Amino acid sequence: AVVKRIFHKATEEHMKTSEIARKLNSEGVPSPSMYKAEKRNYKGKVQPFWTKDNVYRTLIRRIYTGSFEMYQQHLKGVGTKLSSGIPRDKRIVIPNTHEAIITESIYEAAQKIIRHQTPKRRRKAVPPPPEHVLARYLKCGCCGCKLFQTHSGEPNYECHNARWRTDGECWQVNCDAAAHE
């Protein structure tokens, strides 16, 4: 049901991945890692909320169409763990391997929409300003997450979770960088 809602919000309501993540968080929908922790013996890090990356990964997975996509990545060499993605047009797709949650047409519509929404990531030519010596020790008083330095306007440290959580008070956590120098 969650997968259908994500695809519906992306294709019919034309919501961005970050907007979908905020909506799911405000409705209290368990994140993928929370769901795994509840249903399986999941040992990984549990992220208690949806992010735009969770939504994006859901939208690009062809498995929800009932098809299996083989050879998505290949190793760069023998004896290395480095891998690179194989272009979508070169991947082998085996249709009808299991029951579909969404149709192929909805999947393709979502791919067109997110392709236009997602900007190409470019490497920054200018390095970020140096981090304060004690910055790695700053933690949010609400959720315990590491604070990150903002680079818009005056340097500040804010909770990373504030963008995604609407239920807590993380959005109020703010630390003036100049005060710690």
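This is a predicted model: local features need pLDDT of at least 70, side-chain atom pairs count only at pLDDT 80 or more; totals for chains, interfaces and linings use all residues.
Colleague: Which side chain does Glu-27 meet in a salt bridge?

Modeller: For a salt bridge, we look for a side-chain nitrogen of Lys or Arg within 4 Å of a carboxyl oxygen of Asp or Glu. Here the partner is Arg-5, with 1.9 Å from N to O. Arg-5 sits in helix H1 (residues 2-11), while Glu-27 is in the loop between helix H2 (17-26) and helix H3 (32-39), so the two are distant parts of the chain, 22 residues apart. Arg-5 is partly exposed too, at 31%.

Colleague: How many salt bridges does a search of the whole structure find?

Modeller: The search finds six. Among them is one between Glu-69 and Arg-62, whose closest N and O atoms are 3.3 Å apart. Both of these residues are buried.

Colleague: Which residue is 3.9 Å from Arg-62, counting the closest N and O atoms?

Modeller: That is Glu-108, which also forms a salt bridge with Arg-62. Glu-108 belongs to helix H5 (residues 104-117) and Arg-62 to the loop between helix H4 (52-60) and strand E1 (68-70), so the pair ties together parts 46 residues apart in sequence. Arg-62 is buried at 14% relative accessible area, whereas Glu-108 is partly exposed at 34%.

Colleague: Which residues do salt bridges with shared partners join into one network?

Modeller: The network consists of Arg-62, Glu-69, Arg-91, Glu-104 and Glu-108.

Methods:
Residues are numbered from 1 along each chain as its sequence is written. Side-chain values use heavy atoms; hydrogens and water are left out. Helices (H or I, at least four residues) and strands (E, at least two) are DSSP runs, numbered from the N terminus. Buried means under 20% relative accessible area, exposed over 50%, partly exposed in between (1.4 Å probe, protein chains only).
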